[in-house]
Amino acid sequence: MNSLIHLGKVVKRMKKHELQALNTYLQSFKIDRIYKDSKAANLVELLSDEKQPKVADVLQYKLYGKTNPAAFQKLVDRTRNKVYESLLLDNNVQKSNVHTQRNRVGYELRKQLIEAEILSTRGLSEDIEWLYEKMIKKSIAYEFYDIALEILYTKHTFSAFRYGSKRIKNIESEIEKL
């Protein structure tokens, strides 16, 4: 149950606003609207309760009314993944009292790069060129050269399918400059 121990440590270190965002996020995955809370939300609540023992059998009994190790392990794994996802929500990464301006910009750039790649794979490429240029300027301004290179490589791949070799050579020269 190392994953339970790790999940407990992560939940324990989360700030109040992060736990609130996590609970809202977990509730959005409820399948059956009859239940008050999702099992994942209940597990997080139990793990964040200082008085609650973090023993797997006790937690299983509270969640399922009996021990069910296989289902519990799947729940722990799913919950851990959802906790990590919730940490990437804008209301968590954009807090100025938690993260520096530079870190917030880095998080934003990485998310925008993923968004641009998703748009590209869905054939929605109208704004991607503009987005790439904006991201490159910002990454260079904040000295995120690794992100700027990744954006340029992605732009190179994107352009290879849509434009001629002259455009590709221009992007390659931008890469060389960095």
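Tutor: A residue counts as buried when its relative accessible area is under 20%. The model discussed here is predicted.

Student: Why is Gln 112 called buried?

Tutor: Its relative accessibility is 11%, and the cut-off is under 20%; therefore Gln 112 counts as buried.

Student: Where does Gln 112 lie, and what is it in contact with beyond its neighbours within four places in sequence?

Tutor: Gln 112 belongs to helix α7, residues 101-121. With those sequence neighbours set aside, Gln 112 is in contact with Leu 131, Lys 134 and Met 135.

Student: How do you know that the span of helix α5 agrees with its number of residues?

Tutor: Helix α5 covers residues 69-87, which is 19 residues. The expected span is 1.5 Å times one less than that number, which gives 27 Å. The end C-alpha atoms of α5 are 27 Å apart, so the two values agree.

Student: Which residues of α5 are buried, and what makes them line one face of the helix?

Tutor: The buried residues of α5 are Phe 72, Leu 75, Val 76, Thr 79, Val 83 and Ser 86. Viewed down the helix axis, they fall within an arc of 100°, and therefore they line one face of α5. Ala 70 and Lys 74, on the other side of α5, are exposed.

Student: What do the buried residues of α5 pack against?

Tutor: They pack against α1 (2-13), α2 (16-27), α3 (39-48), α4 (56-64) and α6 (90-93).

Student: What makes Arg 102 count as lying over the face of Phe 144?

Tutor: Arg 102 is at 4.0 Å from the ring centre of Phe 144 and lies over its face; the distance cut-off is within 6 Å.

Methods
Residues numbered from 1 in each chain as written. Predicted model: local features only at pLDDT ≥ 70, side-chain atom pairs only at ≥ 80, totals over all residues. Heavy atoms only, no water. Helix = DSSP H or I, 4+ residues; strand = E, 2+ residues; numbered from the N terminus. Buried < 20%, exposed > 50% of the residue type's maximum accessible area, 1.4 Å probe, protein only. Arc of directions from axis to C-beta. Contact = heavy atoms within 4.5 Å. Lys NZ or Arg CZ within 6 Å of the ring centre and 35° of its normal.
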